[in-house]
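Thanks for asking me to look this one over. Here are my notes as numbered points, to read with the structure open beside you.

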Amino acid sequence: MDAVVGQLVHGRYKLSRHLGSGGFGQVWSAEDMVLGVQVAVKEVRLGHVLPEQRGELLVRAAREARHAAKLRDHPNIVTVHDVVEVNGAPWIVMQLVEGHSLADEIKANGPLSEARASAIAQALLRALQFAHAAGIIHRDVKPANVMLTPHGDVLLTDFGIAVDHTDTRLTATNLVIGTPGYTAPERWQGAPASGPSDLYSLGVTLYEAVEGGLPFPRENPFAALEETPRIAQRADRLAPLLAALLQREPARRPTPAEALALLSAAPAVLKEPQQHKADARQAQTTLTIGQEKMIAQWVQRRILPSLGTGLLIAVGVGVSDKGPALFKFDDPFGSHILAGSIAYVVAAGIMLLKAVYEGRRFQSDIVVVSPDGFSVTRHDSGKKQSFTIGWRAVDRIGLGSSTHASEPHTDVRVWFKKGSEPSPAWLTKHDIKKQDDGSYRVYCADHVPFVPAERLHSALRTFAGPLYDDPHHTSDPA
């Protein structure tokens with residue numbers, strides 16, 4: 001029977017307001033009639049659970065509630081007060097949190113800023129550090145289990161208590177407690193829940209917070225077993241933390257303490273005082289083409305060819321017999337001159353209008369080289385496209401040469417670490433191709449509106465350090 005407003009649960013908790021529904025059941029606000037305080041009460045429905053597993057899950061719910069009670073003093077964990085059984089199903093009595101979930105926040109407002117995501121990451125890492133120290137594994141870290149209050153508090157809830165409809169059976173008696181898309185890859189292979197598996201789920205949660213989507217296709221919950229996570233485009237200084245948390249091998253993931261240190265280390269790198277070069281004193285080097293140079297290159301590459309094409313057309317019309325035939329001059333030479341002049345004005349005008357139309361959309365690429373990685377923002381046909389490659393995914397980066405439209409250019413080429421290669425979809429989206437030497441050509445310089453290769457060399461030498469394998473580059477390949 002469905003719960004209703006005014007119902008008294010276990011003779012003590014009077015339901016007052018329905019807060020939400022899910023595959024696990026219902027969540028209500030209620031009044032504790034004994035203590036006279038407001039609480040949240042969760043009804044865990046077990047209708048989808050096999051009869052032989054029902055007793056086991058009831059025992060587990062009671063045990064987890066007792067464990068979660070140990071965590072009641074942590075400011076970033078929702079307090080569990082009690083677990084009671086009503087009609088064969090567990091009801092979880094918890095701290096009432098006024099606010100909404102991180103999942104609701106992302107759905108309503110889109111990806112979070114890097115600063116806000118960092119604050120949430122810090123709170124959740126402290127919550128998991130406290131829980132793991134108490135021997136408690138969460139098992140289902142995801143945005144829906146992260147509560148945000150109007151006062152800026154961040155609280156982790158549902159410490160492995162609720163049995164969701166997304167639970168996946170590996171065998172008839174073995175359940176994976178977790179949510180596809182957020183569950184660590186080793187869990188799908190039968191490994192028990194652990195601290196590293198919680199950290200992996202946190203990595204997916206933070207990735208979704210800053211990107212607005214999951215690092216793997218949502219329709220394939222097993223993608224994490226074989227595929228490389230999509231490279232985060234908006235993570236900025238969170239990128240190293242995300243890369244560490246989403247390591248496929250549990251042993252390679254950081255502990256909560258190590259992750260907190262990694263999170264706090266990013267600003268420290270940017271404030272490093274023992275730098276001597278001008279570029280190194282900056283948080284990053286941002287490379288663009290100045291407006292004056294862009295206009296000069298545009299004139300050189302668009303306007304002059306247009307005028308030259310118009311001249312060729314004019315000469316062709318002038319020396320032919322068809323052009324002068326249109327004009328009845330007594331002087332044949334004058335007819336040729338007039339025909340050629342008119343052809344030049346028309347042809348050059350059309351070419352110039354085309355060049356101006358194309359030129360109005362010209363915007364300089366923006367390349368940012370920082371202590372965290374290499375970022376590119378380019379404008380193509382009026383559309384902006386950006387990507388970031390974190391240094392943690394890079395085995396080597398260098399400058400190479402290629403030819404485009406019979407002109408030499410400088411390429412930025414990246415060799416990724418094994419296991420960190422971009423997905424085929426990401427490569428296709430950004431028009432990046434793998435080269436014969438195993439590298440990926442991620443950027444082409446020295447062409448409107450690309451940035452100068454010489455400045456790229458200087459920035460890579462400053463920030464990529466030993467990853468940059470072309471320290472003797474001295475000039476552009478022109």
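1. A nonpolar core, as the term is used here, is a set of buried Ala, Val, Leu, Ile, Met, Phe, Trp, Tyr and Cys residues joined through side-chain atoms within 4.5 Å. Please keep in mind that this is a predicted model. The largest such core has 46 residues, and the members that touch the most others are Leu-102, Leu-202 and Leu-241.

2. Where does this core come from? Helix 3 gives the largest share, with nine residues.

3. Once its neighbours within four places in sequence are left aside, Leu-241 is in contact with Ala-121, Leu-206, Ala-259, Leu-262 and Leu-263.

4. How many aromatic pairs does a search of the whole structure find? The count is two. One of them joins Phe-387 and Trp-426 edge-to-face, with 5.4 Å from centre to centre and 80 degrees between the planes. This pair links distant parts of the chain, as Phe-387 belongs to strand 15 (residues 383–390) and Trp-426 to helix 11 (residues 424–429), 39 residues apart. Phe-387 is buried at 1% relative accessible area, and Trp-426 is buried too, at 6%.

5. Phe-416 and Tyr-440 make up another aromatic pair, also edge-to-face, with centres 5.4 Å apart and 70 degrees between the planes. Phe-416 sits in strand 17 (residues 407–416) and Tyr-440 in strand 19 (residues 440–445), so this pair ties together parts of the chain 24 residues apart in sequence.

6. Now for the charged pairs. Side chains of opposite charge can pair when their charged atoms come close. The structure holds 10 salt bridges. In one of them, Arg-413 pairs with Asp-411, and their closest N and O atoms are 3.4 Å apart. Arg-413 is buried, with 14% relative accessible area, and Asp-411 is buried at 0%.

7. Which other residue does Arg-413 meet in a salt bridge? That partner is Asp-437, at 4.0 Å from N to O. Arg-413 lies in strand 17, while Asp-437 is in the loop between strand 18 (433–434) and strand 19, so the bridge ties together parts that are 24 residues apart in sequence. Asp-437 is partly exposed, with a relative accessible area of 42%. Taken together, Asp-411, Arg-413 and Asp-437 are linked in a network of salt bridges.

8. Lys-433 forms a salt bridge with Asp-431, with the closest N and O atoms 3.0 Å apart. Is Asp-431 buried or exposed? At 58% relative accessibility, over the 50% cut-off, Asp-431 counts as exposed.

9. One annotation deserves a look. In an unreviewed entry, UniProt lists Lys-42 under "binding site". Lys-42 is found in strand 4 (residues 37–44), and the model has Lys-42 buried, at 4% relative accessibility.

10. Finally, please look at Pro-192, in the loop between helix 4 (185–188) and helix 5. Pro-192 is exposed, with a relative accessible area of 64%. The C-alpha atoms of Pro-192 and Arg-139 are separated by 9.6 Å, while the two residues are 53 residues apart along the chain.

Technical notes:
Residues are numbered from 1 along each chain as its sequence is written. Side-chain values use heavy atoms; hydrogens and water are left out. Buried means under 20% relative accessible area, exposed over 50%, partly exposed in between (1.4 Å probe, protein chains only). Helices (H or I, at least four residues) and strands (E, at least two) are DSSP runs, numbered from the N terminus. Contact means heavy atoms within 4.5 Å. Rings of Phe, Tyr and Trp (its six-membered ring) pair if their centres lie within 6.5 Å; planes under 30 degrees apart count as stacked, over 60 as edge-to-face and the rest as tilted. UniProt positions are given in the numbering used here, feature names are shortened, and annotations may be inferred rather than shown by experiment. A salt bridge is a side-chain nitrogen of Lys or Arg within 4 Å of a carboxyl oxygen of Asp or Glu.
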